[in-house]
Amino acid sequence: MIDHESPRLLRALLLETDLAAARRIVDQLRRHGFLTEWRRVDRPALFAEGLASLPDIVFADRAVPGLTGLEALGLLQERAPGIPFFFVTDLVDEEEPIAALRAGADDYLFKDRLSRLGPAVDHALANRRLRDEHRRSAEALREHESQLSLILDLLPAATYTCDRDGVVTYFNRQAAELMGRSPNRNDPVDRFFNPQWFLPRDGEELPVEGCWLAKAVHDDRPQIGRELVITRPDGSRRDALAHAAPLHDAAGAVSGGVNVVVDISERLRLEEQFLRVQRLENLGMLAAGVAHDLNNILAPVLMCAPMLRERLKDGADRRLLDAVERSAERGDGLVKQILGFARGSGSETCPLQLKHLVRDIACVVTETFPKAIRLETVLAREVPPVNANATQIHQVLLNLCVNARDAMPSGGTLRLRLAAEQLDPEDPRLEPGARSGEYVQIEVIDSGVG
């Protein structure tokens with residue numbers, strides 16, 4: 001008999017037809033220090049009912065009416081796996097113990113030799129506790145891996161790991177998207193992160209095995225902040241910033257590597273756009289200086305034109321002077337527009353009657369264009385005013401007319417048309433987002449080659 005400081009509670013289920021044999025098992029457990037709550041059953045239905053209460057241990061004879069011991073073991077493994085199962089029977093066939101242990105029984109004992117029952121039960125219960133701990137640890141590890149995978153999928157960076165041979169062992173969703181692959185981690189990945197897809201942006205020689213991650217693994221040293229050009233399987237390219245580091249096993253040896261790749265294509269595009277904006281700012285400063293000089297040139301013209309008009313008697317000369325004065329005024333307006341652009345201010349708008357602008361353009365065309373170009377003007381009687389910048393509209397019309405003149409080197413017809421148009425919401429000419437209603441249409445049509 002083994003003494004224990006306090007009895008250990010053990011709930012036992014016994015598949016046994018012989019009550020005396022069952023009591024001998026319980027008595028042997030008591031001698032070993034177990035306070036046993038036991039139930040004896042001798043029919044399949046009662047055995048299934050006993051399993052439903054989840055006992056701590058099961059003892060079974062080799063057979064009871066309607067149920068063999070191996071069948072009982074199979075039922076236990078199906079309904080309550082992990083509970084220790086002991087055969088306690090009389091030896092009939094020497095092959096039976098081997099078959100029972102292979103089937104998953106914890107031990108095979110004989111009814112006339114129960115001296116080692118207690119230690120065997122201790123061993124079986126200890127194994128069960130160990131299995132339960134491993135199971136809980138595995139479940140916790142799976143939960144931790146699931147949470148970590150979710151976190152990595154939310155990171156705005158492609159992350160993947162590989163072993164020493166370069167075979168990918170893990171990749172997050174961003175890595176799959178960056179490389180144009182399916183995010184399904186059940187797909188075989190092997191070497192789909194081909195090292196030759198990662199090339200340095202600065203033209204530097206490729207590192208060991210052609211990949212910064214391979215270099216980190218080879219040198220056992222992190223590779224931080226390498227700018228790469230990634231060529232995806234479909235041929236498209238991405239600019240990226242890569243950080244690679246080696247991974248180590250429990251013994252401290254390099255077992256693989258981890259690579260974190262950030263797609264910086266958009267950042268580089270914004271940097272390039274910022275540089276263009278800076279160039280535009282510099283161009284604006286230059287334009288402002290040119291505009292000031294041009295304003296100094298136009299000022300004498302605007303001052304002298306009224307004085308010359310008093311000295312001119314011929315009507316044709318006065319008309320030419322009027323055209324010069326109007327052109328100088330347009331130039332003065334253009335200078336103001338350039339200065340407004342250079343300062344970043346918006347263009348001033350006011351209600352305009354476009355008929356007057358079209359007539360001014362027609363006057364300039366008549367006075368300055370070759371005589372081989374015939375001008376036609378079609379102006380509607382009722383044209384509502386528009387809210388616009390007169391200098392900008394004048395500049396647009398003048399540019400269109402000059403383009404038309406260049407398209408007709410041998411002469412032709414230039415037509416200026418001004419009309420009011422009513423556009424309903426379904427009109428295909430209405431721009432997306434524009435409101436329906438009354439519009440003014442200006443057409444500049446030429447008969448040239450275009």
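The questions and answers below set computed values against the definitions behind the words. This is a predicted model, in which local features need pLDDT of at least 70 and side-chain atom pairs count only at pLDDT 80 or more, while totals for chains, interfaces and linings use all residues. Residues are numbered from 1 along each chain as its sequence is written, and side-chain values use heavy atoms, with hydrogens and water left out.

Q: What makes the pair R30 and D27 a salt bridge?
A: A salt bridge is a side-chain nitrogen of Lys or Arg within 4 Å of a carboxyl oxygen of Asp or Glu. The closest N and O atoms of R30 and D27 are 2.6 Å apart, and the pair therefore meets that rule.

Q: Why are R30 and D27 separated by about one helical turn?
A: The two residues are three residues apart in helix α1 (residues 19–31), which is why about one turn separates them. An α-helix has 3.6 residues a turn, so residues three or four places apart point the same way.

Q: Why is R30 called partly exposed?
A: Buried means under 20% relative accessible area, exposed means over 50%, and partly exposed is in between, with a 1.4 Å probe and protein chains only. R30 has a relative accessibility of 45%, so R30 counts as partly exposed. D27, with a relative accessible area of 27%, is likewise partly exposed.

Q: How many salt bridges does the rule give?
A: The count comes to 20 salt bridges, and one of them links D406 with R405, whose closest N and O atoms are 3.2 Å apart.

Q: Why can the buried residues of helix α3 be said to line one face?
A: In helix α3 (residues 69–79), the residues G69, A72, L73, L75 and L76 are buried. Seen down the axis of α3, these buried residues fall within an arc of 160 degrees, so they line one face of the helix. The arc is that of the directions from the helix axis to the C-beta atoms.

Note on methods: Helices (H or I, at least four residues) and strands (E, at least two) are DSSP runs, numbered from the N terminus.
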